[in-house]
Protein chains: 2
Amino acid sequence: MLSEFDLIAKYFTKPVTNASLGIGDDCALLRPTPGTQMAISSDMLVSGTHFFPDTDPRQLGHKSLAVNLSDLAAMGAEPVAFTLALALPEPDEAWLKPFSEGLFSLANLCQCELIGGDTTRGPLNICITIFGQIPLGQALRRDKAQHGDDIWISGTIGDARLALAHCRHETVLSENEFNMVLQRLQTPIPRIALGIALRKIANAALDLSDGLLGDLSHILDASRVGATLNIDALPISSVLEKQPEAFRLQCALGGGDDYELCFTAPIAKRGRVLEASEKTGVPVTRIGFIEKEPGLRLCNTQGELQHFSHRSFDHFLTSKK
Amino acid sequence: MLSEFDLIAKYFTKPVTNASLGIGDDCALLRPTPGTQMAISSDMLVSGTHFFPDTDPRQLGHKSLAVNLSDLAAMGAEPVAFTLALALPEPDEAWLKPFSEGLFSLANLCQCELIGGDTTRGPLNICITIFGQIPLGQALRRDKAQHGDDIWISGTIGDARLALAHCRHETVLSENEFNMVLQRLQTPIPRIALGIALRKIANAALDLSDGLLGDLSHILDASRVGATLNIDALPISSVLEKQPEAFRLQCALGGGDDYELCFTAPIAKRGRVLEASEKTGVPVTRIGFIEKEPGLRLCNTQGELQHFSHRSFDHFLTSKK
């Protein structure tokens, strides 16, 4: 059986270039680039809460890092490094090999290197802490949305929730449709390049992990503003488009795991937002605007107010099993 | 029932001063002090593997942070901030309140602030990632031990293992004795001040978490040297002193959870090591020396070679339940 040290050596020790010192000492050492600040985020994924116990380990390796990279993207930070703490029921190489491959495949793509962590025995739990850097003063925060800003989101939303609905037998998709939306749930692509391109353009940003309405509320609360969204403008996939309206809205407005960026920017910068989108190849859509009046209102293209009852994903109120 | 957001707000959100931005955004922001590098370490503590499920939550809060601070101490780093990712079976305030009190009590003492993290539902799991800073080039690493160095350790070793032995009915201590050694197991004091004082004095250092022999071997392997230890010189408590010799050695040489520093320093710096000890109020003891010949040898004060079979704590080979 693999010992902890063998396991780390075999699957998780890679040469580092961003860091001064990687795995193997009490701490890793990072030398920050002068003139930058460090963005730090931590996410814990638990078997049975965030993913099905039989989830493909390669996809899980990808997703574990992707959700953290998405937090960097939401701040406009460039990925630098991450730590991985992993609790496993047993050191199972048939699981570890594909998990580490999925993890490092995305890590290499984003030039984000593993510099330390921990492995231990326990119920499957994956905790990644990620480090990025941003030029001083250029971080995209939640508390800087301004009255009059447009509200934008990248890509399309709701597909991950739709895939989950199929798994839970809440709806039935064709095999083709299911495969299309499943990859949004299992292997989300963090919007790193777009986040970086939006520095000095967006006023506020976050990533959509718990559902648009709940997540956008965080921007509104932190910035002490309100907003109106046009539900007819929400960018959704052709697969979700076919679903009945109420369920479609539930997926798009309340579903989690989208890992798209939601950001606000002054009307005067619409051209620059579209340039950032074009430069990075990530579509963006204007879905509403920031207002002085607190609260979040939904309307249709005709400007009629719409009602929608939602609750964002909360790890202690709902279970994603 | 407390939601995730309520729980974070109530127990884990404190004002930050070291960080530019704390809890509440996608990432926290740290602005490193110019001329320093950042030391980063991550530890995951799992119920049933690292602690008994009924462990007092206040002590667990202390220990979860202490083991990470100890990693900073071992690099000579000054604590700055940490993230906490916490999986809980349910948001139990009777557990959360004392846990957060134990955590923040030590955090405040060490001026190390909580800047972010995650809370989720799942089997009890505590993952802390810690950040410290060190002037460039002054980190105490494992790979710089030199032939001829003295080997030192701080404090006393073996008491945490002795406490565990009592809990496991491997030995029987009086109530007084048990309480003395139990605090070494439950509320270890990280040797932050000593680690900082040893900058530019020690050649190599680490903290003793898995047992002296196993941990020291990491220094020897990384530095490509060997060592001889004098087992009669090992600093142990009056409680451990009373145990039979074989068991005493097992606790001192093979027991984990000591969280003392083990470091090597040139003979010419003995005076400076003792000054660092006096200045920080932490006793240090010379227990051996580094040699060219690979391997780790044990002798007594008479210089006679001793034999001892050990195995350091490995989370996948043994169980600490």
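1. In helix H5 (residues 175–186) of chain A, the buried residues are Glu177(A), Phe178(A), Val181(A), Leu182(A), Arg184(A), Leu185(A) and Gln186(A), where buried means under 20% relative accessible area, exposed over 50% and partly exposed in between (1.4 Å probe, protein chains only). An α-helix has 3.6 residues a turn, so residues three or four places apart point the same way. The cover over the buried residues of H5(A) includes H2, helix H4 (159–167) and helix H8 (238–241) of chain A. H5(A) has 12 residues and reaches 16 Å from its first C-alpha to its last, close to the 16 Å expected at 1.5 Å a residue; the expected span is 1.5 Å times one less than the number of residues.

2. This is a predicted model, in which local features need pLDDT of at least 70 and side-chain atom pairs count only at pLDDT 80 or more, while totals for chains, interfaces and linings use all residues. Residues are numbered from 1 along each chain as its sequence is written, chains are lettered from A and ligands numbered from 1 in the order in which they are written, and side-chain values use heavy atoms, with hydrogens and water left out.

3. One open sheet is built from five strands in the order E4(A)-E3(A)-E5(A)-E2(A)-E1(B), with mixed pairing; helices (H or I, at least four residues) and strands (E, at least two) are DSSP runs numbered from the N terminus, and two strands pair if DSSP finds at least two bridges between them. Its edges are strand E4 (113–121) of chain A and strand E1 (28–30) of chain B, each of which pairs on one side only. From one strand to the next, the twist averages 20°.

4. Within this sheet, strand E3 (residues 78–88) of chain A pairs with E4(A) in the parallel sense over eight bridges, and Ala85(A) stands opposite Asp118(A) in E4(A). Helix H2 (residues 57–75) of chain A packs on the sheet and touches strands E2 (36–46), E3 and E5 (125–135) of chain A together with E1 of chain B, its direction making about 30° with that of E5(A); axes are lines fitted to C-alpha atoms, for helices over the stretch in contact, and angles run from 0 to 180 degrees between N-to-C directions. Helix H3 (residues 93–109) of chain A also packs on the sheet, where it touches E3, E4 and E5 of chain A and its direction makes about 165° with that of E3(A).

5. A second open sheet of five strands has the order E1(A)-E2(B)-E5(B)-E3(B)-E4(B), again with mixed pairing. Here the edge strands are E1 (28–30) of chain A and E4 (113–121) of chain B. Strand E2 (residues 36–46) of chain B runs antiparallel to strand E5 (residues 125–135) of chain B, to which 11 bridges join it, and Ala39(B) stands opposite Gly132(B) in E5(B).

6. For "binding site", an unreviewed UniProt entry lists Ser42(A), Asp43(A) and Asp118(A); UniProt positions are given in the numbering used here, feature names are shortened, and annotations may be inferred rather than shown by experiment. Asp43(A) lies in strand E2 of chain A and is buried, with a relative accessible area of 17%. Leaving aside neighbours within four places in sequence, the residues in contact (heavy atoms within 4.5 Å) with Asp43(A) include Val67(A), Asp71(A), Cys127(A) and, from the other chain, Asp118(B).

7. Asp118(A) has its place in strand E4 of chain A and is likewise buried, with a relative accessible area of 10%. With neighbours within four places in sequence left aside, its contacts include Glu4(A) and Ala85(A), as well as Ser42(B), Asp43(B) and Met44(B).

8. Elsewhere in chain A, strand E7 (residues 204–207) is covered on both faces, with Ala204(A) and Leu206(A) buried on one side and Ala205(A) and Asp207(A) buried on the other. Four bridges join E7(A) to the antiparallel strand E9 (residues 261–265) of chain A, and Asp207(A) stands opposite Leu261(A) in E9(A).

9. Strand E8 (residues 226–230) of chain A is mostly covered, five of its five residues being buried. E8(A) pairs in the parallel sense with strand E11 (residues 295–299) of chain A over five bridges, and in the antiparallel sense with strand E10 (residues 284–291) of chain A over four bridges.
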